[in-house]
Amino acid sequence: MELTQKINSVFAERFGGNGTLYASAGRINLIGEHTDYNGGFVFPGAIDKVIMAEIRTNGTDKVRVYSIDIDDYAEFGLNEADAPEQSWARYIFGVCREIIKRGGKVEGFDAVFAGNVPLGAGLSSSAALESCFAFALNDMFNDNSIDKFELARIGQSTEHNYCGVNCGIMDQFASVFGKKDHLMRLDCRSMEFEYYPFSPKDHVLVLVDSRVKHELADSPYNKRRASCERVAKRLGIETLRDATMEMLDAVKTDITAEDYFRAKFVIEEKERVLAVCDALNRGDYETVGRCMYETHAGLSKDYEVSCEELDFLNEVARECGVTGSRIMGGGFGGCTINLVKKELLNDFVEIAKKRFNEKYGHEPKIYNVIISDGARKVSDAE
Ligand code: ADP
Ligand code: MG
């Protein structure tokens, strides 16, 4: 509630009175990595780390917005030529523009916002920011006539067209559709999705952020993609979504060993997501955890997108008896996501911090996360 009060008082100070409060959330992805561009499944959920904004129409054609966390103010019009300089403000400008481009309505407004989604840690603070404003502007100016998928696409297009980030749809999808105690299996081919219960009694989720990012020269992401496309083509299918290990083994001698292992990971990862769905329906968190370790091994050995520091954190988790642990996100740095028995949490966190620090000279950051609601209205103007 501290966040709410802070925003309330800064809004009153800056603009006078009150606006309406909206929020949206960052996200985790439990399993399903490097599957989106292969037409497979991802398995995200929104978390209890949010961006919250207080907003009120101002009767002009200008947007006036203050970012508490960055302590910066931006003012801009709503035409394409009015793009603000500040990169944080372009997320909001982009959302306005993408709504307008789709025939929606946006008028001038005043806003103050702040959040507690760590920036650039892989929890998608940018999607939280976009979907907070997309949800709010839909409610304020469009009678909620824009459907939720379109809100997610508005966020995604904002990244593409105004922020120079060529992202997929998962982050914005999770941020918009997130529901307390539920993860979502999103089919990246059909865009169908299903909620699965995620409310472990004995386990918690904790992220361990290595705070390393290896910038690699030869665009490993594009190379992975190209491998997957080559194998799919060889198999005569559109994406590896339709491949099986039998199909892959049948062409093993025609493709490079590298392409073989890349495709093997993708095929196995799809199976693992389905296994996790079954396990969650049974409340079987041990199986979920086992699948997470298998994903890590696949990402590290077959897909080769891990790094020394993340493999080290994964090993420490295993030694501590953590139920499941894996790299979260594209790889080469960032966080591991860990499913940890409650009684082990403190020991694990202390040991991971200490041992990582001894080896790499800095402590990882720790984020406890609870699966929570995504975009929403928090309260009406008083
Ligand atoms: P992430 O992985 O967290 O999404 P990005 O680099 O995609 O990292 O997005 C981070 C950017 O989003 C920040 O540089 C900033 O422009 C904007 N942003 C995120 N959270 C906030 C915030 N609380 N206040 C202001 N801007 C924010
Ligand atoms: Mg982002």
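## A tour around ligand 1

Start by selecting Gly-120 together with ligand 1: a polar backbone atom of Gly-120 is 2.8 Å from an oxygen atom of the ligand. That is a polar contact (a pair of N or O atoms within 3.5 Å). You are looking at a predicted model, in which local features need pLDDT of at least 70 and side-chain atom pairs pLDDT 80 or more, while totals for chains, interfaces and linings use all residues. Residues are numbered from 1 along each chain, chains are lettered from A and ligands numbered from 1 as written, and side-chain values use heavy atoms, without hydrogens or water.

Next, pick Ser-125, where a side-chain N or O atom is 2.7 Å from an oxygen atom of ligand 1. Then show Asp-69: one of its polar side-chain atoms lies 2.8 Å from a nitrogen atom of the ligand. Taken alone, ligand 1 exposes 570 Å², and the protein buries 80% of that (Shrake-Rupley method, 1.4 Å probe).

Now select the whole shell: 16 residues surround ligand 1, each with a heavy atom within 4 Å. Colour by class and you will find 8 nonpolar, 7 polar and 1 charged; Asp, Glu, Lys and Arg count as charged, Ala, Val, Leu, Ile, Met, Phe, Trp, Tyr, Cys and Pro as nonpolar, and the others, Gly among them, as polar. Switch to cartoon for helix 2 (87–101), strand 6 (109–115) and helix 3 (125–141), the elements that give two or more residues to this shell. Helix 3 gives the most, with 3 residues. Helices (H or I, at least four residues) and strands (E, at least two) are DSSP runs, numbered from the N terminus.

How values were computed:
A polar contact is a pair of N or O atoms within 3.5 Å; within protein, one must be able to donate a hydrogen and the other to accept it, and residues adjacent in sequence count only if both atoms are side-chain atoms.
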